[in-house]
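Here is a brief report on a structure.

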Amino acid sequence: MRVELQAELDALEAGFQEAGEIVLRSIRGVIDALRTQDVELCDEVIAFDDEIDARYLALEKQVEMTLARQTPVASDLRLVLAILHSALHLERVGDQCVTIAKLTKLSSHLDTKRTVVESLVDMGERCAEMVKVSLSAFAARDVQAARGLHQLDELVDNANRQVFHEVLGYVHDAEALEWGMRQITVARCFERIGDNAVDIGEQTAFIVTGEFAEFTDASHDPRPLV
Amino acid sequence: MTQMETQPHIDSSRIAEITRGLDRSEIEGREKVFSVTDLAVSYSGKVALQDVSLDVHRNTITAFIGPSGCGKSTFIRCFNRMNDLIPGAEVEGRVLYHGDDLYARDVDPVEIRRRIGMVFQKPNPFPKSIYDNIAFGPRVLGIKGSMDDRVEQALRQAALWDEVKSRLKDNALGLSGGQQQRLCIARALAVEPDVILMDEPASALDPISTTRIEDLMHDLKRDYTIVIVTHNMQQAARVADMTAFFSVLVDEEGAARRGVLVEYDATTKIFTTPSDKRTEDYVTGRFG
(Lines give C-alpha, C1' and ligand atoms only; values in the text may rest on other atoms or scores of the structure.)
Protein backbone atom coordinates (compact mmCIF):
# COMPACT_ATOMS: atom_id res chain seq x y z
CA MET A 1 0.00 0.00 0.00
CA ARG A 2 1.44 3.35 -0.98
CA VAL A 3 0.41 5.32 2.08
CA GLU A 4 1.96 8.62 1.02
CA LEU A 5 0.43 8.50 -2.47
CA GLN A 6 -2.99 7.72 -1.01
CA ALA A 7 -2.63 10.62 1.44
CA GLU A 8 -1.73 12.97 -1.43
CA LEU A 9 -4.68 11.76 -3.53
CA ASP A 10 -7.05 12.23 -0.57
CA ALA A 11 -5.70 15.74 0.02
CA LEU A 12 -6.07 16.59 -3.67
CA GLU A 13 -9.64 15.39 -3.77
CA ALA A 14 -10.54 17.24 -0.57
CA GLY A 15 -8.99 20.40 -2.03
CA PHE A 16 -10.98 19.96 -5.21
CA GLN A 17 -14.27 19.57 -3.34
CA GLU A 18 -13.46 22.64 -1.23
CA ALA A 19 -12.79 24.63 -4.42
CA GLY A 20 -16.19 23.41 -5.62
CA GLU A 21 -17.88 24.71 -2.47
CA ILE A 22 -16.21 28.10 -2.91
CA VAL A 23 -17.36 28.29 -6.54
CA LEU A 24 -20.90 27.38 -5.49
CA ARG A 25 -20.83 30.31 -3.04
CA SER A 26 -19.88 32.56 -5.93
CA ILE A 27 -22.75 31.26 -8.09
CA ARG A 28 -25.24 31.74 -5.26
CA GLY A 29 -23.86 35.22 -4.65
CA VAL A 30 -24.27 36.25 -8.25
CA ILE A 31 -27.82 34.83 -8.40
CA ASP A 32 -28.75 36.96 -5.36
CA ALA A 33 -27.07 39.99 -6.90
CA LEU A 34 -29.07 39.45 -10.07
CA ARG A 35 -32.36 38.91 -8.24
CA THR A 36 -31.96 42.03 -6.09
CA GLN A 37 -29.87 44.02 -8.62
CA ASP A 38 -27.44 44.59 -5.74
CA VAL A 39 -24.33 46.41 -7.00
CA GLU A 40 -22.40 45.94 -3.74
CA LEU A 41 -22.96 42.20 -3.84
CA CYS A 42 -21.70 42.26 -7.45
CA ASP A 43 -18.45 43.83 -6.19
CA GLU A 44 -18.14 41.11 -3.55
CA VAL A 45 -18.54 38.38 -6.17
CA ILE A 46 -15.88 40.05 -8.34
CA ALA A 47 -13.45 40.34 -5.43
CA PHE A 48 -14.17 36.75 -4.35
CA ASP A 49 -12.75 35.46 -7.64
CA ASP A 50 -9.21 35.93 -6.28
CA GLU A 51 -10.01 33.21 -3.73
CA ILE A 52 -11.20 30.86 -6.51
CA ASP A 53 -8.07 31.54 -8.58
CA ALA A 54 -5.85 30.89 -5.56
CA ARG A 55 -7.59 27.57 -4.94
CA TYR A 56 -7.10 26.58 -8.57
CA LEU A 57 -3.41 27.47 -8.55
CA ALA A 58 -2.90 25.53 -5.30
CA LEU A 59 -4.54 22.45 -6.83
CA GLU A 60 -2.46 22.75 -9.98
CA LYS A 61 0.71 22.93 -7.88
CA GLN A 62 -0.38 19.93 -5.84
CA VAL A 63 -1.05 17.92 -9.01
CA GLU A 64 2.38 18.86 -10.36
CA MET A 65 3.99 17.69 -7.13
CA THR A 66 2.09 14.41 -7.02
CA LEU A 67 2.94 13.61 -10.64
CA ALA A 68 6.61 14.43 -10.08
CA ARG A 69 7.05 12.59 -6.80
CA GLN A 70 4.60 9.72 -6.90
CA THR A 71 4.26 8.96 -10.65
CA PRO A 72 0.73 7.62 -10.23
CA VAL A 73 -0.59 5.14 -12.81
CA ALA A 74 -3.90 3.57 -13.84
CA SER A 75 -6.91 4.74 -11.75
CA ASP A 76 -4.66 6.96 -9.60
CA LEU A 77 -3.36 8.72 -12.70
CA ARG A 78 -6.90 9.15 -14.05
CA LEU A 79 -8.00 10.70 -10.75
CA VAL A 80 -5.12 13.19 -10.76
CA LEU A 81 -5.76 14.15 -14.40
CA ALA A 82 -9.51 14.44 -13.79
CA ILE A 83 -8.92 16.73 -10.81
CA LEU A 84 -6.61 18.94 -12.89
CA HIS A 85 -9.20 19.25 -15.69
CA SER A 86 -12.15 19.67 -13.37
CA ALA A 87 -10.41 22.28 -11.23
CA LEU A 88 -9.90 24.35 -14.37
CA HIS A 89 -13.62 24.02 -15.19
CA LEU A 90 -14.44 25.28 -11.68
CA GLU A 91 -12.07 28.21 -12.14
CA ARG A 92 -13.87 29.08 -15.36
CA VAL A 93 -17.24 28.93 -13.61
CA GLY A 94 -15.80 31.51 -11.21
CA ASP A 95 -14.85 33.68 -14.21
CA GLN A 96 -18.41 33.43 -15.60
CA CYS A 97 -19.75 34.61 -12.24
CA VAL A 98 -17.44 37.65 -12.44
CA THR A 99 -18.73 38.46 -15.94
CA ILE A 100 -22.35 38.17 -14.77
CA ALA A 101 -21.59 40.44 -11.80
CA LYS A 102 -19.93 43.03 -14.06
CA LEU A 103 -22.83 42.97 -16.54
CA THR A 104 -25.33 43.34 -13.71
CA LYS A 105 -23.43 46.39 -12.48
CA LEU A 106 -23.19 47.85 -15.98
CA SER A 107 -26.95 47.63 -16.54
CA SER A 108 -27.95 48.73 -13.03
CA HIS A 109 -28.89 52.24 -14.18
CA LEU A 110 -31.38 50.84 -16.70
CA ASP A 111 -34.94 49.62 -16.13
CA THR A 112 -35.11 45.87 -15.54
CA LYS A 113 -37.68 43.53 -17.04
CA ARG A 114 -38.98 41.23 -14.33
CA THR A 115 -39.72 38.27 -16.60
CA VAL A 116 -36.17 38.19 -17.99
CA VAL A 117 -34.60 38.59 -14.52
CA GLU A 118 -36.75 35.72 -13.23
CA SER A 119 -35.69 33.55 -16.17
CA LEU A 120 -32.04 34.36 -15.49
CA VAL A 121 -32.39 33.61 -11.76
CA ASP A 122 -34.07 30.34 -12.68
CA MET A 123 -31.19 29.52 -15.03
CA GLY A 124 -28.70 30.39 -12.32
CA GLU A 125 -30.37 28.09 -9.83
CA ARG A 126 -30.35 25.24 -12.32
CA CYS A 127 -26.66 25.89 -12.92
CA ALA A 128 -25.89 25.87 -9.19
CA GLU A 129 -27.72 22.55 -8.94
CA MET A 130 -25.72 21.20 -11.89
CA VAL A 131 -22.38 22.17 -10.33
CA LYS A 132 -23.51 20.58 -7.07
CA VAL A 133 -24.46 17.35 -8.85
CA SER A 134 -21.17 17.35 -10.78
CA LEU A 135 -19.23 17.58 -7.49
CA SER A 136 -21.24 14.90 -5.69
CA ALA A 137 -21.10 12.56 -8.71
CA PHE A 138 -17.33 13.08 -8.80
CA ALA A 139 -16.99 12.25 -5.11
CA ALA A 140 -19.19 9.14 -5.40
CA ARG A 141 -17.73 8.11 -8.82
CA ASP A 142 -21.39 7.98 -9.89
CA VAL A 143 -21.35 7.79 -13.70
CA GLN A 144 -25.15 7.64 -13.93
CA ALA A 145 -25.57 10.89 -12.00
CA ALA A 146 -22.77 12.44 -14.06
CA ARG A 147 -24.53 11.44 -17.30
CA GLY A 148 -27.78 12.93 -15.93
CA LEU A 149 -26.10 16.36 -16.10
CA HIS A 150 -26.64 16.32 -19.84
CA GLN A 151 -30.45 16.38 -19.36
CA LEU A 152 -30.19 19.23 -16.85
CA ASP A 153 -28.00 21.11 -19.30
CA GLU A 154 -30.68 20.92 -21.99
CA LEU A 155 -33.06 22.83 -19.70
CA VAL A 156 -30.42 25.54 -19.24
CA ASP A 157 -29.85 25.69 -23.00
CA ASN A 158 -33.62 26.09 -23.56
CA ALA A 159 -33.79 28.90 -21.01
CA ASN A 160 -30.89 30.61 -22.79
CA ARG A 161 -32.86 30.49 -26.05
CA GLN A 162 -35.98 31.87 -24.33
CA VAL A 163 -34.06 34.88 -22.96
CA PHE A 164 -32.75 35.60 -26.44
CA HIS A 165 -36.21 35.56 -27.99
CA GLU A 166 -37.64 37.69 -25.18
CA VAL A 167 -34.99 40.35 -25.78
CA LEU A 168 -35.72 40.34 -29.52
CA GLY A 169 -39.05 41.89 -28.58
CA TYR A 170 -37.27 45.02 -27.26
CA VAL A 171 -35.96 45.97 -30.68
CA HIS A 172 -38.04 49.19 -30.87
CA ASP A 173 -36.99 50.45 -27.42
CA ALA A 174 -33.31 51.53 -27.41
CA GLU A 175 -32.88 51.57 -23.63
CA ALA A 176 -34.64 48.24 -23.12
CA LEU A 177 -32.60 46.78 -25.96
CA GLU A 178 -29.32 47.91 -24.33
CA TRP A 179 -30.36 46.27 -21.08
CA GLY A 180 -31.62 43.18 -22.88
CA MET A 181 -28.43 42.67 -24.84
CA ARG A 182 -26.43 42.62 -21.63
CA GLN A 183 -28.86 40.01 -20.27
CA ILE A 184 -28.29 37.84 -23.34
CA THR A 185 -24.63 37.74 -22.34
CA VAL A 186 -25.62 36.91 -18.75
CA ALA A 187 -27.72 34.01 -20.07
CA ARG A 188 -24.79 32.90 -22.20
CA CYS A 189 -22.55 32.91 -19.09
CA PHE A 190 -25.00 30.67 -17.24
CA GLU A 191 -25.18 28.42 -20.28
CA ARG A 192 -21.38 28.08 -20.15
CA ILE A 193 -21.51 27.24 -16.42
CA GLY A 194 -23.90 24.40 -17.29
CA ASP A 195 -21.42 23.19 -19.92
CA ASN A 196 -18.61 23.28 -17.36
CA ALA A 197 -20.67 21.13 -15.00
CA VAL A 198 -21.23 18.60 -17.82
CA ASP A 199 -17.48 18.65 -18.50
CA ILE A 200 -16.80 17.75 -14.85
CA GLY A 201 -19.33 14.93 -15.24
CA GLU A 202 -17.36 13.66 -18.24
CA GLN A 203 -14.24 13.57 -16.07
CA THR A 204 -16.09 11.41 -13.53
CA ALA A 205 -16.94 8.95 -16.30
CA PHE A 206 -13.27 9.02 -17.35
CA ILE A 207 -12.11 8.10 -13.85
CA VAL A 208 -14.50 5.16 -13.68
CA THR A 209 -14.37 3.80 -17.22
CA GLY A 210 -10.90 4.84 -18.35
CA GLU A 211 -12.39 6.15 -21.59
CA PHE A 212 -12.87 9.83 -22.26
CA ALA A 213 -16.01 10.61 -24.25
CA GLU A 214 -18.07 13.80 -24.48
CA PHE A 215 -21.66 13.21 -23.32
CA THR A 216 -22.82 15.30 -26.29
CA ASP A 217 -21.11 16.59 -29.38
CA ALA A 218 -21.93 20.31 -29.62
CA SER A 219 -20.25 20.65 -33.02
CA HIS A 220 -22.84 18.32 -34.58
CA ASP A 221 -25.89 19.52 -32.63
CA PRO A 222 -28.53 20.47 -35.24
CA ARG A 223 -30.34 22.86 -32.87
CA PRO A 224 -29.69 26.61 -33.11
CA LEU A 225 -27.36 28.13 -30.52
CA VAL A 226 -30.08 30.56 -29.37
CA MET B 1 23.86 27.97 -31.37
CA THR B 2 21.50 28.42 -34.31
CA GLN B 3 17.77 27.93 -33.99
CA MET B 4 18.01 24.75 -36.05
CA GLU B 5 20.44 23.26 -33.57
CA THR B 6 18.08 23.90 -30.68
CA GLN B 7 15.22 22.02 -32.36
CA PRO B 8 14.84 18.55 -30.87
CA HIS B 9 15.28 15.77 -33.40
CA ILE B 10 12.16 13.66 -33.76
CA ASP B 11 12.12 10.57 -35.89
CA SER B 12 8.94 11.20 -37.92
CA SER B 13 8.32 7.49 -38.43
CA ARG B 14 8.07 7.08 -34.66
CA ILE B 15 5.84 10.08 -33.84
CA ALA B 16 2.71 7.98 -33.36
CA GLU B 17 4.60 5.48 -31.20
CA ILE B 18 6.21 8.24 -29.14
CA THR B 19 3.04 10.24 -28.58
CA ARG B 20 0.54 7.49 -27.85
CA GLY B 21 2.50 4.22 -27.56
CA LEU B 22 1.95 1.22 -29.78
CA ASP B 23 -1.46 -0.35 -29.44
CA ARG B 24 -2.01 -4.04 -29.20
CA SER B 25 -3.29 -4.56 -32.75
CA GLU B 26 -0.21 -2.86 -34.22
CA ILE B 27 2.08 -5.08 -32.16
CA GLU B 28 0.11 -8.22 -32.91
CA GLY B 29 0.35 -7.40 -36.62
CA ARG B 30 4.08 -8.05 -36.41
CA GLU B 31 5.65 -11.43 -36.95
CA LYS B 32 5.49 -13.82 -33.98
CA VAL B 33 8.96 -14.60 -32.68
CA PHE B 34 7.79 -16.72 -29.76
CA SER B 35 4.46 -18.39 -29.31
CA VAL B 36 3.96 -19.92 -25.88
CA THR B 37 1.04 -22.25 -25.12
CA ASP B 38 0.05 -23.73 -21.75
CA LEU B 39 3.54 -23.49 -20.36
CA ALA B 40 4.30 -24.89 -16.91
CA VAL B 41 7.68 -25.11 -15.21
CA SER B 42 8.46 -27.17 -12.15
CA TYR B 43 11.58 -27.68 -10.09
CA SER B 44 11.93 -31.16 -8.54
CA GLY B 45 8.19 -31.73 -8.95
CA LYS B 46 7.16 -28.39 -7.41
CA VAL B 47 5.28 -26.21 -9.86
CA ALA B 48 6.86 -22.74 -10.12
CA LEU B 49 4.82 -21.40 -13.03
CA GLN B 50 1.72 -22.66 -14.79
CA ASP B 51 -0.86 -21.94 -17.52
CA VAL B 52 1.16 -19.36 -19.41
CA SER B 53 0.20 -18.61 -23.00
CA LEU B 54 1.42 -15.55 -24.86
CA ASP B 55 3.11 -14.40 -28.05
CA VAL B 56 6.18 -12.20 -28.39
CA HIS B 57 6.39 -10.12 -31.56
CA ARG B 58 9.31 -9.03 -33.71
CA ASN B 59 11.06 -5.68 -33.09
CA THR B 60 9.19 -5.05 -29.88
CA ILE B 61 10.22 -4.83 -26.26
CA THR B 62 8.18 -7.12 -24.05
CA ALA B 63 8.41 -6.71 -20.28
CA PHE B 64 7.55 -9.24 -17.58
CA ILE B 65 6.63 -7.67 -14.25
CA GLY B 66 5.29 -9.03 -10.99
CA PRO B 67 6.16 -9.58 -7.34
CA SER B 68 8.99 -11.84 -6.14
CA GLY B 69 8.23 -15.50 -6.71
CA CYS B 70 5.77 -14.89 -9.55
CA GLY B 71 7.90 -16.87 -11.98
CA LYS B 72 8.92 -14.07 -14.34
CA SER B 73 12.63 -15.01 -14.28
CA THR B 74 11.71 -18.69 -14.59
CA PHE B 75 9.63 -17.79 -17.63
CA ILE B 76 12.26 -15.71 -19.44
CA ARG B 77 14.72 -18.61 -19.02
CA CYS B 78 12.35 -20.83 -21.00
CA PHE B 79 13.01 -18.73 -24.11
CA ASN B 80 16.62 -19.90 -24.47
CA ARG B 81 16.35 -23.14 -22.54
CA MET B 82 18.39 -21.88 -19.62
CA ASN B 83 16.21 -24.03 -17.34
CA ASP B 84 17.81 -27.09 -18.99
CA LEU B 85 20.90 -26.29 -16.95
CA ILE B 86 19.04 -26.55 -13.63
CA PRO B 87 18.83 -30.12 -12.25
CA GLY B 88 15.23 -31.23 -11.68
CA ALA B 89 13.74 -28.49 -13.84
CA GLU B 90 10.92 -29.62 -16.10
CA VAL B 91 9.18 -27.58 -18.78
CA GLU B 92 5.74 -28.60 -20.04
CA GLY B 93 3.62 -27.02 -22.74
CA ARG B 94 4.87 -25.57 -26.00
CA VAL B 95 7.31 -22.80 -26.89
CA LEU B 96 7.49 -22.10 -30.61
CA TYR B 97 10.33 -19.97 -31.95
CA HIS B 98 9.49 -18.68 -35.44
CA GLY B 99 7.03 -21.57 -35.61
CA ASP B 100 9.49 -24.30 -34.58
CA ASP B 101 9.31 -26.16 -31.28
CA LEU B 102 12.13 -24.84 -29.12
CA TYR B 103 12.07 -27.99 -27.00
CA ALA B 104 12.09 -30.53 -29.86
CA ARG B 105 14.63 -33.33 -29.40
CA ASP B 106 16.72 -32.33 -32.40
CA VAL B 107 17.15 -28.72 -31.34
CA ASP B 108 20.66 -27.81 -30.16
CA PRO B 109 20.45 -25.62 -27.03
CA VAL B 110 23.82 -24.04 -27.87
CA GLU B 111 22.53 -22.84 -31.24
CA ILE B 112 19.39 -21.59 -29.46
CA ARG B 113 21.51 -19.53 -27.07
CA ARG B 114 23.44 -18.02 -29.97
CA ARG B 115 20.26 -16.79 -31.62
CA ILE B 116 18.60 -15.88 -28.35
CA GLY B 117 21.18 -14.02 -26.26
CA MET B 118 20.85 -13.18 -22.60
CA VAL B 119 21.97 -10.37 -20.34
CA PHE B 120 21.82 -10.93 -16.59
CA GLN B 121 21.15 -8.77 -13.55
CA LYS B 122 24.78 -8.60 -12.51
CA PRO B 123 27.25 -7.71 -15.26
CA ASN B 124 29.42 -10.80 -15.78
CA PRO B 125 32.31 -9.95 -18.12
CA PHE B 126 35.10 -12.49 -18.47
CA PRO B 127 38.31 -11.50 -16.66
CA LYS B 128 39.88 -10.72 -20.02
CA SER B 129 40.38 -7.67 -22.22
CA ILE B 130 37.41 -5.67 -23.50
CA TYR B 131 38.27 -6.86 -27.02
CA ASP B 132 38.46 -10.53 -26.05
CA ASN B 133 35.15 -10.36 -24.21
CA ILE B 134 33.45 -9.44 -27.49
CA ALA B 135 35.59 -11.66 -29.73
CA PHE B 136 35.15 -14.79 -27.62
CA GLY B 137 31.66 -15.74 -28.83
CA PRO B 138 32.31 -15.27 -32.58
CA ARG B 139 35.63 -17.18 -32.26
CA VAL B 140 34.01 -20.14 -30.49
CA LEU B 141 31.26 -20.23 -33.09
CA GLY B 142 33.78 -19.95 -35.95
CA ILE B 143 32.08 -16.87 -37.38
CA LYS B 144 34.09 -15.63 -40.38
CA GLY B 145 35.09 -12.07 -41.32
CA SER B 146 37.14 -9.30 -39.74
CA MET B 147 37.09 -9.66 -35.97
CA ASP B 148 38.14 -6.02 -35.47
CA ASP B 149 35.12 -4.86 -37.46
CA ARG B 150 32.83 -7.18 -35.57
CA VAL B 151 34.11 -5.97 -32.18
CA GLU B 152 33.75 -2.33 -33.20
CA GLN B 153 30.24 -2.85 -34.55
CA ALA B 154 29.07 -4.67 -31.42
CA LEU B 155 30.54 -1.97 -29.17
CA ARG B 156 28.96 0.77 -31.29
CA GLN B 157 25.56 -0.95 -31.15
CA ALA B 158 25.88 -1.15 -27.39
CA ALA B 159 26.77 2.57 -27.23
CA LEU B 160 30.14 1.78 -25.64
CA TRP B 161 32.60 2.28 -28.51
CA ASP B 162 33.45 5.93 -27.85
CA GLU B 163 34.21 5.19 -24.21
CA VAL B 164 36.50 2.19 -24.78
CA LYS B 165 37.97 2.50 -28.30
CA SER B 166 41.34 3.70 -26.97
CA ARG B 167 41.68 0.90 -24.40
CA LEU B 168 40.36 -2.24 -26.01
CA LYS B 169 43.22 -4.27 -24.54
CA ASP B 170 42.41 -3.17 -20.97
CA ASN B 171 40.82 -5.65 -18.61
CA ALA B 172 37.02 -5.50 -18.80
CA LEU B 173 36.78 -5.68 -15.02
CA GLY B 174 38.22 -2.14 -14.89
CA LEU B 175 35.03 -0.74 -16.47
CA SER B 176 32.26 0.80 -14.37
CA GLY B 177 29.16 -1.30 -13.60
CA GLY B 178 27.12 0.44 -16.30
CA GLN B 179 29.91 0.02 -18.85
CA GLN B 180 30.30 -3.65 -17.92
CA GLN B 181 26.60 -4.20 -18.51
CA ARG B 182 26.80 -2.54 -21.93
CA LEU B 183 29.84 -4.72 -22.63
CA CYS B 184 27.70 -7.76 -21.83
CA ILE B 185 25.07 -6.47 -24.24
CA ALA B 186 27.79 -5.95 -26.88
CA ARG B 187 29.01 -9.48 -26.21
CA ALA B 188 25.50 -10.81 -26.81
CA LEU B 189 25.19 -8.76 -30.02
CA ALA B 190 28.55 -9.93 -31.43
CA VAL B 191 27.17 -13.40 -32.26
CA GLU B 192 24.36 -11.85 -34.36
CA PRO B 193 21.39 -12.94 -32.28
CA ASP B 194 17.76 -12.51 -33.20
CA VAL B 195 16.45 -11.99 -29.68
CA ILE B 196 17.98 -10.47 -26.56
CA LEU B 197 16.63 -11.59 -23.20
CA MET B 198 17.37 -9.27 -20.29
CA ASP B 199 16.84 -10.40 -16.71
CA GLU B 200 16.81 -7.27 -14.52
CA PRO B 201 19.53 -5.67 -16.66
CA ALA B 202 19.63 -2.36 -14.78
CA SER B 203 18.77 -3.29 -11.22
CA ALA B 204 22.43 -3.14 -10.11
CA LEU B 205 23.10 0.16 -11.92
CA ASP B 206 22.92 3.83 -10.96
CA PRO B 207 20.18 6.03 -12.52
CA ILE B 208 22.41 7.46 -15.29
CA SER B 209 23.67 4.02 -16.35
CA THR B 210 20.06 2.79 -16.20
CA THR B 211 18.96 5.57 -18.55
CA ARG B 212 21.74 4.62 -20.98
CA ILE B 213 20.63 0.97 -20.97
CA GLU B 214 17.00 2.01 -21.53
CA ASP B 215 17.97 4.33 -24.42
CA LEU B 216 20.03 1.50 -25.83
CA MET B 217 17.04 -0.86 -25.68
CA HIS B 218 14.97 1.62 -27.70
CA ASP B 219 17.72 1.74 -30.33
CA LEU B 220 18.24 -2.02 -30.39
CA LYS B 221 14.61 -2.93 -30.96
CA ARG B 222 14.87 -1.69 -34.55
CA ASP B 223 17.07 -4.71 -35.28
CA TYR B 224 16.26 -7.13 -32.48
CA THR B 225 13.39 -8.45 -30.41
CA ILE B 226 13.87 -7.76 -26.73
CA VAL B 227 12.31 -9.45 -23.72
CA ILE B 228 13.01 -7.96 -20.29
CA VAL B 229 12.25 -8.97 -16.74
CA THR B 230 12.16 -5.99 -14.41
CA HIS B 231 11.27 -5.28 -10.81
CA ASN B 232 11.05 -1.62 -11.67
CA MET B 233 7.54 -0.95 -12.93
CA GLN B 234 8.41 2.51 -14.18
CA GLN B 235 11.16 0.94 -16.25
CA ALA B 236 8.62 -1.38 -17.89
CA ALA B 237 6.35 1.64 -18.46
CA ARG B 238 9.23 3.57 -20.05
CA VAL B 239 10.69 0.92 -22.34
CA ALA B 240 8.21 -1.83 -23.12
CA ASP B 241 5.64 -2.05 -25.92
CA MET B 242 3.89 -5.03 -24.34
CA THR B 243 3.80 -5.90 -20.65
CA ALA B 244 2.88 -9.17 -18.99
CA PHE B 245 1.92 -9.08 -15.32
CA PHE B 246 2.55 -12.26 -13.35
CA SER B 247 1.21 -12.91 -9.89
CA VAL B 248 1.64 -15.53 -7.20
CA LEU B 249 -1.10 -18.04 -6.55
CA VAL B 250 -1.02 -19.48 -3.02
CA ASP B 251 -2.88 -22.73 -2.30
CA GLU B 252 -5.46 -23.03 0.50
CA GLU B 253 -2.94 -24.27 3.05
CA GLY B 254 -0.65 -21.39 2.15
CA ALA B 255 2.10 -23.90 1.45
CA ALA B 256 2.50 -24.02 -2.33
CA ARG B 257 3.10 -20.83 -4.29
CA ARG B 258 3.09 -20.78 -8.04
CA GLY B 259 3.34 -18.07 -10.64
CA VAL B 260 0.49 -17.33 -13.04
CA LEU B 261 0.09 -14.90 -15.92
CA VAL B 262 -2.63 -12.43 -14.93
CA GLU B 263 -2.69 -9.98 -17.81
CA TYR B 264 -0.77 -9.39 -21.02
CA ASP B 265 -1.44 -6.27 -23.05
CA ALA B 266 0.02 -3.12 -24.57
CA THR B 267 2.10 -1.33 -21.94
CA THR B 268 0.00 1.83 -22.23
CA LYS B 269 -3.11 -0.23 -21.42
CA ILE B 270 -1.46 -1.99 -18.45
CA PHE B 271 -0.41 1.36 -16.94
CA THR B 272 -3.56 3.35 -17.72
CA THR B 273 -6.57 1.03 -17.75
CA PRO B 274 -5.59 -2.51 -16.79
CA SER B 275 -8.41 -5.05 -17.19
CA ASP B 276 -7.69 -7.15 -14.10
CA LYS B 277 -8.05 -5.81 -10.57
CA ARG B 278 -4.87 -7.67 -9.51
CA THR B 279 -2.88 -5.79 -12.16
CA GLU B 280 -4.43 -2.49 -11.07
CA ASP B 281 -3.54 -3.21 -7.44
CA TYR B 282 0.04 -4.10 -8.35
CA VAL B 283 0.82 -1.19 -10.67
CA THR B 284 -0.77 1.35 -8.32
CA GLY B 285 1.17 -0.09 -5.38
CA ARG B 286 -1.88 -1.40 -3.52
CA PHE B 287 -0.61 -4.96 -3.70
CA GLY B 288 0.29 -6.54 -0.37
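In chain A, 39% of the 226 residues count as buried. The model is predicted. Chain A holds six helices and zero strands. Along the sequence the pattern reads α-α-α-α-α-α. Among contacts in chain A with a separation of 6 or more, 82% link residues 24 or more positions apart.

What are the overall dimensions? The C-alpha trace of chain A spans about 70 × 40 × 20 Å along its principal axes.

Next, the contact between chains. Ten residues of chain A meet eleven residues of chain B. Helix α3 (residues 74–106) of chain A supplies the largest share of the chain A side, four residues. The table sorts that side by class.

| Class | Residues of chain A touching chain B |
|---|---|
| Nonpolar | five residues |
| Polar | three residues |
| Charged | two residues |

Chain B contains an open sheet of ten strands with mixed pairing. The strand order is β5-β4-β1-β2-β10-β9-β3-β8-β7-β6. Strands β5 (100–101) and β6 (116–119) of chain B stand at the edges; each has a single partner strand, so one side of each lacks a neighbour in the sheet.

Which strand pairs with β6(B) over four bridges? Strand β7 (residues 195–199) of chain B does, in the parallel sense. In that pair, B:I116 stands opposite B:V195 in β7(B). Helix α9 (residues 177–189) of chain B lies across β6 and β7 of chain B. Helix α9 runs at about 170° to β6(B).

Terms used: Residues numbered from 1 in each chain as written. Chains lettered and ligands numbered in written order. Predicted model: local features only at pLDDT ≥ 70, side-chain atom pairs only at ≥ 80, totals over all residues. Contact = placed C-beta atoms within 7 Å. Helix = DSSP H or I, 4+ residues; strand = E, 2+ residues; numbered from the N terminus. Nonpolar A, V, L, I, M, F, W, Y, C, P; charged D, E, K, R; others polar. Pairing = 2+ DSSP bridges. Axes fitted to C-alpha atoms, helices over the stretch in contact; angles between N-to-C directions. Buried ≥ 20, exposed ≤ 12 C-beta atoms within 10 Å, placed from the backbone.
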